[in-house]
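Hi,

Here is the structure I promised to pass on to you. Have a look at it first, and then read on for my notes on what turned up.

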Amino acid sequence: MLIKESEMIEMLDNSENVLLIEPKYQKKYPPLGLAKIKTYLEEKNKKVKFSDQILPEKFDLICVTTLFTYYSKAVFDVLKNRGFFNSNTKILIGGVLASIMPDIFKEEKNVFVFKGYSKILDQCIPDPDIMNNTEDPWNTFSYIFTSRGCPNKCAYCTVWRIEKDRWVNPSWKEMIDLSKPNIMISDNNLSAVSMEHLKEIIDFTVENKKKILFDNGFDCKHITEDMAKELSRLKFIRSGMRLAFDRIEEDGIFQKAVMMLKNAGIPKSSMMAYVLFNFTDHPQDAYYRARSCYDLGIRPYPQYYRPLNTLDKKKIFIGKHWTLKLGRTFRHYWLMRGIHSKMSFEEYINSKDGKEKHGIKMEDIKTYRRKK
Amino acid sequence: MKRTDLLKILEIVKPGIAGNTKIESMSYFFFSGKEVVSYNDKISIQHKLKTDFKMFVKANDLYSLVSRLKSDELKMKEEKGKLLIKTESTKASFSTISDDEVESRVKNVSKSLKKAKWEKLPDDFCNSISLCSFAAEKEQKNTLGCVYVTDKNCMASDNKRVAFAKMSEKVEDMFILATEIKSLINTAPVKYAITKSWLHFKNKEGCVFSIRKVTGEFPDFLQFFDFKGTVVDLPKEIIDGIDIASIIISDIEPMITVNIKNKVLLINVKSESGKITHKTKVDYDGEEVQFSINPSFLKEMMTYSSKITIADDKMKLETSNFSLLTSLYV
C-alpha cells in the first residue's frame, strides 16, 4: 500500500520500538535514509535497532530500505522471513526499488511503501553508527544530498521519476561530519541548481579543508567558464569531479565542458566521465564517447545499461545494437584500458585475447561493424 | 600399538582440527605425552594416549598415513625432533613444530577440566540436541546459532522455525554451537561439565570434547506453540517418501521440503546427486503449506503422531517429546 509522507511520519511517530533493516545485498555506501530515520526516532526517545534481517523480538514497526531493482530478492527474503515475533508487524519500505516499482509489494501483508524522499527526514543528521558501518575508504566520507531532483527526463534514468520536485535542503551543512576528511555529494544534478548554491558548497568545502567527490556527475551543458573557475578551488578525491557522456547528442558539448574544467586548472586525474552503453546506442557511438574521454585525458567509466525494472541481475539485458559478449568485452576493455592501450576496441575484439578470453565470434564483430 | 586404535583416536580428535586457519599449529595434532589433542579456538578434543614425546604433527599427513597403512601394529617415537612411524614395511618421518601459545591454550582447557564437576547426561541428550540442531541458524555464532538446553528442554531456532525436544532428565543451562553437534555426538558423550569458558563432554573412554561457551539470551519461542488452527492428519505413507528421499539427501545438511496443496502432499529433495519428488494424498484443501524439515526429525515425529496444526502464519507438528513450529512466510 502506497503512503504519503505525512502518513509515514505518523507511523514513525506512533512507534516506540523500531527495527531498521538494510537487506543483505552488495553495496559500498551506508544506507543514508535509514541513518536519518534513526536520528529522527532517537530524537523522540524511541528505541531503534539496525540489522540486515528481522530479529527475534517484538517491534512496533520495521523499516526496510531498498536499493537497485535487481536486488529485489534480498528485500523479499526479509519480507518472507518475518519470524514469529513480527508476523503482524507493520513494515515500511522505501528507497530506490520501492520508489520505482511500488506495485511489486502490493500482495505483501502489512507492507507500506513510501515513494521518493521525505523533506522532513532529509533534514535529519544521519546517525553516525550507521554511517560509520562501512569499509575503508567509504567510512572517511560524509554523504549528503544538498538538493533533490533533476530537470532532465532522460529515458534511461530514474531520478525524475522518483524525485519530482527540485528542492534545496536548507540544512545541508549540518549533515556534514566535520571530523571526516571527505565529502561525497550525491545530488542528481547539482549543476542545474543555482550558481549561488554551488558557490556556497564550494566555499564551505574550501573553508573546512575537505576533499570532495561529486558522485552523480555534472551535467555538461550547464558548465560555464565561471563554474569551472569556482570548481577549480576545490580539492578533489581522485576521479571526484564526475561528468557524463551518455548520449552522442552531447558530442561537442561534453568536450567543451571538459576543456573548460581543464583550463580552469582541475587536474585530469580528478575527472571521470560515466559513459552509458547498451541502451539505444550503437557500439561505435559508445566507443567514440569513451575514446573522446580518453583522448581528453580523463577516465571513462563504462556504465552498462539495465532496464529500470530489472528484478533479477542474472537476467541480462542486451541492447538492440549489442551482443552479450560485445557488451561485456566493451566494459572490460575500458576498465582495463591501461592494459590494452595500444589497441582500438575493434582491434581488441579481433585479437587473440578478444577471441580466447571473451569468446568473441564473427557475429559479435559483425554487430560492431554494422553501420548505424 | 595397534594401528586401528590410533586411527580411531585420530578420527575422534580430527573435528577439532581447523580447516582454514592463520595459526598453523591449529591444523596439527598435539601429542602432550598423556593425550592427543586438537584445538581450534571454538572446540578442543582430547583423547588419552600415552607417548614418550610432546610435539605438534600436521594432522592431515599423519591421519592419511595411518589410514593407508596395511600393518596391524605400528611404533611411534621421536627422533631428532621428528615423529618416526614404523611398521613392518613402512618407515615414515614427519616434521614437527612447537607452539607455546597454542600449547598454553590447550593447557588452560586441561586445567579447567581439573576443577570440573562432572554430571551425567540424560540418555536422550544426544538424540534431542541432534534433532533440534537443524533448526539453528548455523551461520550465526550467537545464541541463535546454538541448541539451547535448559532444564529438561532442548530447543533451537533460526527465527523461521523452532525445534523443541523434551529430555528425560534435567541438565544445566547451556548453548551448544549447532555446527559442532554432529562431531560431538560421534564421540558418544555420557557426562558433561561447565567451566568458566568451556562446555566439556566426556565419553566412556575418557575422551573430552570441549566447546567454547556461548552466552546470551534465547528468545522465548515457546509462547508461539500455543495456537489454534486446522488439524491435518499426515498419511503414514510419508515415511516411505522420507526413506526414498533419503537416497540422495546430503549428509552435511539433511533437509527435505514438504508441500501440501490441493489434497496432495509432496516431499521434495534436491542435492548434488539429483532430485526426488514423492507424492501422497492428504486430507487438506486449505491454503498451500510449505516447510523444510530434517528428515530424521519428521520420521521420528511420525512414529509418535501424524497430526499437524496449520494456522495463517505458522504450522506445528507436536508429539509428547518433540515439537516443530514453522513460520509459513518462508
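**Helix packing in chain A**

In chain A, helix α1 (residues 5–13) packs on helix α2 (residues 32–43) at an angle of about 55°, and their axes are 10 Å apart. The two helices α1(A) and α2(A) are therefore oblique to each other, and α1(A) passes α2(A) in a right-handed crossing. On the α1(A) side the contact involves Ile9(A), Leu12(A) and Asp13(A), which meet Ile37(A), Tyr40(A) and Leu41(A) of α2(A). Sorted by class, the residues of this contact between α1(A) and α2(A) are five nonpolar, no polar and one charged. Please keep in mind throughout that this is a predicted model.

**A two-faced helix, also in chain A**

Have a look at helix α15 (residues 362–369) of chain A as well, where Asp364(A), Ile365(A), Thr367(A) and Tyr368(A) are buried. These residues cover an arc of only 160° around the axis, so they lie on the same side of α15(A). Glu363(A) and Lys366(A), on the other side of α15(A), are exposed. What do the buried residues of α15(A) pack against? Their partners in chain A are α11 (283–295), α12 (324–335), α13 (345–350) and α14 (352–358).

**Backbone details in chain A**

Two spots in the backbone of chain A may interest you. The peptide bond from Asp136(A) to Pro137(A) is cis, with omega near 5°. Pro137(A) sits in the loop between α6 (128–131) and β7 (141–144) of chain A. The other spot is Asn278(A), which is not a glycine but has a positive phi of about 75°. Asn278(A) belongs to the loop that runs between β13 (271–277) and α11 of chain A.

**Chain B in outline**

Now for chain B, which has seven helices and 22 strands. Its C-alpha trace spans about 75 × 40 × 35 Å along the principal axes. Of the 330 residues in chain B, 53% are buried. If you take the contacts in chain B between residues at least 6 apart in sequence, 60% of them join residues at least 24 apart.

**Helix α2 of chain B and its neighbours**

In helix α2 (residues 59–68) of chain B, the buried residues are Ala59(B), Leu62(B), Tyr63(B), Leu65(B) and Val66(B). They span an arc of only 165° around the axis, so they fall on the same side of α2(B). Within chain B, these buried residues of α2(B) pack against α1 (3–13), β1 (28–31), β4 (55–58), β6 (82–86) and β7 (91–94).

The crossing of α1(B) past α2(B) is left-handed. Arg3(B), Leu6(B), Leu7(B), Leu10(B) and Glu11(B) of α1(B) meet Leu62(B), Tyr63(B), Val66(B) and Ser67(B) of α2(B). The residues of this contact divide into six nonpolar, one polar and two charged.

Helices α6 (residues 238–245) and α7 (residues 295–304) of chain B pack at an angle of about 155°, with their axes 10 Å apart. That angle makes α6(B) roughly antiparallel to α7(B). Here too α6(B) passes α7(B) in a left-handed crossing. The contact is formed by Ile238(B), Ile239(B), Ile242(B) and Asp243(B) of α6(B) with Pro295(B), Leu298(B), Lys299(B) and Met302(B) of α7(B). By class, the contact of α6(B) with α7(B) holds six nonpolar, no polar and two charged residues.

Phe209(B) lies in strand β14 (residues 208–212) of chain B, and with 0% relative accessibility Phe209(B) counts as buried. Leaving aside residues up to four places away in sequence, Phe209(B) touches several others, including Ile43(B), Ile45(B), Leu184(B), Leu199(B) and Phe201(B).

Finally, Lys263(B) is a residue other than glycine with a positive phi, near 65°. Lys263(B) is in the loop between β16 (256–261) and β17 (264–271) of chain B. With a relative accessible area of 41%, Lys263(B) is partly exposed.

Best wishes

Definitions and conventions:
Residues numbered from 1 in each chain as written. Chains lettered and ligands numbered in written order. Predicted model: local features only at pLDDT ≥ 70, side-chain atom pairs only at ≥ 80, totals over all residues. Heavy atoms only, no water. Buried < 20%, exposed > 50% of the residue type's maximum accessible area, 1.4 Å probe, protein only. Helix = DSSP H or I, 4+ residues; strand = E, 2+ residues; numbered from the N terminus. Arc of directions from axis to C-beta. Contact = heavy atoms within 4.5 Å. Axes fitted to C-alpha atoms, helices over the stretch in contact; angles between N-to-C directions. Parallel < 35°, antiparallel > 145°, perpendicular 65-115°, else oblique. Left-handed = near helix turned anticlockwise from the far one by under 90°. Nonpolar A, V, L, I, M, F, W, Y, C, P; charged D, E, K, R; others polar.
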